[in-house]
Amino acid sequence: DIGWYDLQKRDCNYNWQNISYNVFEVLPDVAQPPQITSINPSSGNQGEILQVNITGTDVDFGQYTTTNSNFRFSQWSGTNMFYGQSQNAYQTTQGTQLSGYVSIPSNVPTGQYDLEVFDYNTQNWVMMPNAFNIVQGNSVGIYIFPTSAEQGDYLSVNVYGDNQSDF
């Protein structure tokens, strides 16, 4: 229960005695608003495909359901929008984490982008302003993913192009 509590002691006869009054207060639990605290990596090239990890506090990324949160990027709160693809949500000591992939379109403008993630508790989008920076990509037009592996790894590599004529 919320309120003030007294400090008591028990004597040899097992009787309680007040030592001091109103020494400890129990406050009501105040829910904190959901917050996105980080995205890693926090930058990428035009046309690049990245695996990202998003961390938040007091936010439900869908870690207790089979459907993970959507996430999206936009400039100036709504323009040049593109979505990421969530993969997994889980609890860590740093907060709730959402992992996924983002394919940065090769034609989006460079610069700072807001990150928005859907919160299942509030049923609203939670924004982290200027969370992600897009820099100019290469002009090759052909991209592979993943872009690295350890020696001896067996893996599947996807090749992407801007135009069908790239292949």
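This is a predicted model: local features need pLDDT of at least 70, side-chain atom pairs count only at pLDDT 80 or more; totals for chains, interfaces and linings use all residues.
Local features were considered at pLDDT of at least 70 and side-chain atom pairs only at pLDDT 80 or more, whereas totals for chains, interfaces and linings use all residues. Residues are numbered from 1 along each chain as its sequence is written, and side-chain values use heavy atoms, with hydrogens and water left out.

The chain contains zero helices and twelve strands, where helices (H or I, at least four residues) and strands (E, at least two) are DSSP runs numbered from the N terminus. The radius of gyration, taken over C-alpha atoms, is 25 Å, well over the 15 Å that the globule rule (2.2 Å times the number of residues to the power 0.38) gives for 167 residues, so the chain is more spread out than a compact globule. Along the principal axes, the C-alpha atoms fill a box of roughly 90 × 45 × 25 Å. Of the 167 residues, 31% count as buried, that is, under 20% relative accessible area with a 1.4 Å probe and protein chains only.

Eight strands form an open sheet with mixed pairing, in the order β3-β5-β8-β7-β6-β9-β10-β4, two strands being paired if DSSP finds at least two bridges between them. Strands β3 (35-40) and β4 (43-45) stand at the edges with a single partner strand each, so one side of each is left without a neighbour in the sheet. Within this sheet, β7 (residues 79-92) and β8 (residues 95-103) run antiparallel and are joined by eight bridges, with Tyr90 standing opposite Gln97 in β8.

Key:
Buried means under 20% relative accessible area, exposed over 50%, partly exposed in between (1.4 Å probe, protein chains only).
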